[in-house]
Amino acid sequence: EEVASEQRFERCQAWAIELGFVAQPGSLALVLEVELEGPTLATRLVTDADLELVGGMHERLFPGTHATGRQLVEDGDDDHVRLVIEVDGRPAGYVAFEIQPDGAGYIDFLGVAEEVRRRGLAAELVRAAVAALHGRGSSPIHLTVRDDNVAARNLYLSLGFREERVIRPLRKGFTLI
């Protein structure tokens, strides 16, 4: 079982804890309402040929999440897009984003292989996703990031995203990996 509320709703959190729920790391909801410079590095759509590398990277970076590596690679459509960035001809990172029913954009996953981090690839992937979403008329653009993921938070804030709220899940009987 799971209960999730904004962190500021302290009475809801206390009620759930009284019932035996355990607080988990929160997710920080961010929004981008400004224009970004476009990407300077090329990205391309993820293909089925990327399953081993991109799907495997996703499984390592986001174990136990709502989308498997196979789903990430194979379940794209016009409203759910996955882009990959390459280094030396091999996938080195990816971004998954979607257009929500209200027309807003949502960046769902961003991953960069450990061996090529700190080269600006994550920022390029975010810029590519934002440009694609804006090109389809999506605005604003939202995302969530674990509030304990300082590097990712700093990346998004440096690109112009602003913090909206912290959502704190409380779980009973299970945890996510």
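## Strand S6 and its neighbours

Strand S5 (residues 80-87) and strand S6 run antiparallel and are joined by eight bridges. This description rests on a predicted model. Two residues lie between the strands in the hairpin of S5 and S6, where Asp 88 adopts a positive phi near 55°.

On its other pairing, S6 is joined by seven bridges to strand S7 (residues 105-112), and these two strands also run antiparallel. Ala 96 is here bridged to Phe 109 of S7. The hairpin of S6 and S7 has five residues between the strands, and Gly 103 takes a positive phi near 95° in it. Strand S6, spanning residues 90-99, is mostly covered, with nine of its 10 residues buried.

## Aromatic pairs

Two aromatic pairs are found in a search of the whole structure. Phe 62 belongs to the loop between helix H2 (51-61) and helix H3 (69-74), whereas Phe 109 is in strand S7, so the pair ties together parts that are 47 residues apart in sequence. Phe 62 is partly exposed at a relative accessible area of 26%, while Phe 109 is buried at 5%.

Tyr 156 and Phe 161 form an aromatic pair that is likewise edge-to-face, with 5.6 Å centre to centre and 70° between the planes. Tyr 156 is buried, with a relative accessible area of 7%, and Phe 161 is buried as well, at 3%.

Notes:
Residues are numbered from 1 along each chain as its sequence is written. This is a predicted model: local features need pLDDT of at least 70, side-chain atom pairs count only at pLDDT 80 or more; totals for chains, interfaces and linings use all residues. Side-chain values use heavy atoms; hydrogens and water are left out. Buried means under 20% relative accessible area, exposed over 50%, partly exposed in between (1.4 Å probe, protein chains only). Helices (H or I, at least four residues) and strands (E, at least two) are DSSP runs, numbered from the N terminus. Two strands pair if DSSP finds at least two bridges between them. Rings of Phe, Tyr and Trp (its six-membered ring) pair if their centres lie within 6.5 Å; planes under 30 degrees apart count as stacked, over 60 as edge-to-face and the rest as tilted.
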